[in-house]
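Look at the model below, then work through the questions. Each answer sets a value against a cut-off and draws a conclusion.

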Amino acid sequence: MTNEQMLTEIREANLTYLMLAQNLIRQDKAEALFRLGLSEEAADLIGAMSPAQILKIASGNMLLCRFRVDDDIVWNLLTNHNIAKVDNDATTKLHASILMSGKFAEAM
């Protein structure tokens with residue numbers, strides 16, 4: 001992948017992320033805060049952006065979203081690695097969601 005291709009991918013990811021975030025914020029702000037890991041101030045800004053503002057911000061070369069999962073336990077639950085006791089995909093994903101919601105609550 002060339003540098004120009006990578007920048008194009010970043011811009012597309014930014015645009016997709018901002019459009020998704022804005023739709024989620026406008027539909028259900030509380031859920032959007034939880035799902036996206038945004039502060040209320042950031043959500044207000046994204047929710048109020050015009051399409052031109054979204055395009056301008058998305059066209060930068062810095063990726064706007066990031067992985068919030070920085071915990072080995074959550075990654076292991078999401079990927080089903082090292083799961084010996086529970087062989088139920090829904091249960092392990094629920095456990096991961098519970099752990100992530102705890103991190104969201106701590107951040108607030």
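Q: What makes helix α1 roughly perpendicular to α3?
A: This is a predicted model. In it, helix α1 (residues 3-27) and α3 pack at an angle of about 105°. Angles of 65 to 115 degrees count as roughly perpendicular. The angle falls in that range, so α1 is roughly perpendicular to α3. Their axes are 9 Å apart.

Q: Which residues make the contact between α1 and α3?
A: From α1 come Leu-18, Ala-21, Gln-22, Ile-25 and Arg-26. From α3 come Ala-43, Ile-46 and Gly-47. Contact here means heavy atoms within 4.5 Å.

Q: Which residues of α1 and α2 make their contact?
A: On α1 they are Tyr-17, Ala-21, Leu-24, Ile-25 and Gln-27. On α2 they are Lys-29, Ala-32 and Leu-36.

Q: How do you know whether Ile-25 is buried or exposed?
A: Check its relative accessible area, which is 9%. Buried means under 20%. Ile-25 is under that cut-off, so Ile-25 is buried. Ile-25 lies in helix α1. Leaving out residues up to four places away in sequence, Ile-25 touches Ala-32, Leu-38, Ala-43, Ile-46 and Gly-47.

Q: How far apart are Ile-25 and Glu-40 in sequence and in space?
A: They are 15 residues apart in sequence. In space they are 9.8 Å apart, C-alpha to C-alpha.

Q: What makes the pair of Glu-40 and Lys-29 a salt bridge?
A: The N to O distance is 3.4 Å. The cut-off is within 4 Å, for a side-chain nitrogen of Lys or Arg and a carboxyl oxygen of Asp or Glu. The pair meets it, so Glu-40 and Lys-29 form a salt bridge. The pair links distant parts of the chain: Glu-40 is in helix α3 (residues 40-48), Lys-29 is in helix α2 (residues 29-36), and they are 11 residues apart.

Q: Why do Asp-44 and Lys-29 count as a salt bridge?
A: Their closest N and O atoms are 2.4 Å apart. That is within 4 Å, so the pair counts. Asp-44 lies in helix α3 and Lys-29 in helix α2, so this pair ties together parts 15 residues apart in sequence.

Q: Which residues are linked in a network of salt bridges?
A: Lys-29, Glu-40 and Asp-44 are linked in one. Side chains of opposite charge can pair when their charged atoms come close.

Q: Why are Lys-29, Glu-40 and Asp-44 each called partly exposed?
A: Partly exposed lies between the 20% limit for buried and the 50% limit for exposed. Lys-29 has a relative accessible area of 26%. Glu-40 has 41%. Asp-44 has 39%.

Q: What makes Asn-14 buried?
A: Its relative accessibility is 0%. Under 20% means buried, so Asn-14 is buried. Asn-14 is found in helix α1. Among the residues Asn-14 touches are Gly-60, Met-62 and Leu-64, with residues up to four places away in sequence not counted.

Q: Why is Met-62 called exposed?
A: Met-62 has 58% relative accessibility. Exposed means over 50%, so Met-62 counts as exposed. Met-62 is found in the loop between α4 (51-58) and α5 (72-79). Together, Ile-57, Met-62 and Leu-64 make a nonpolar surface patch of about 270 Å².

Q: How many helices and strands does the protein chain have?
A: The protein chain has 6 helices and 0 strands. Of its 108 residues, 23% count as buried.

How values were computed
Residues numbered from 1 in each chain as written. Predicted model: local features only at pLDDT ≥ 70, side-chain atom pairs only at ≥ 80, totals over all residues. Heavy atoms only, no water. Helix = DSSP H or I, 4+ residues; strand = E, 2+ residues; numbered from the N terminus. Buried < 20%, exposed > 50% of the residue type's maximum accessible area, 1.4 Å probe, protein only. Patch = residues over 30% accessible without salt bridge, like charges linked within 9 Å, V, L, I, M, F, W, Y side chains within 5 Å. Areas by Shrake-Rupley, 256 points an atom, 1.4 Å probe, with all protein chains shown as cover. Axes fitted to C-alpha atoms, helices over the stretch in contact; angles between N-to-C directions. Parallel < 35°, antiparallel > 145°, perpendicular 65-115°, else oblique.
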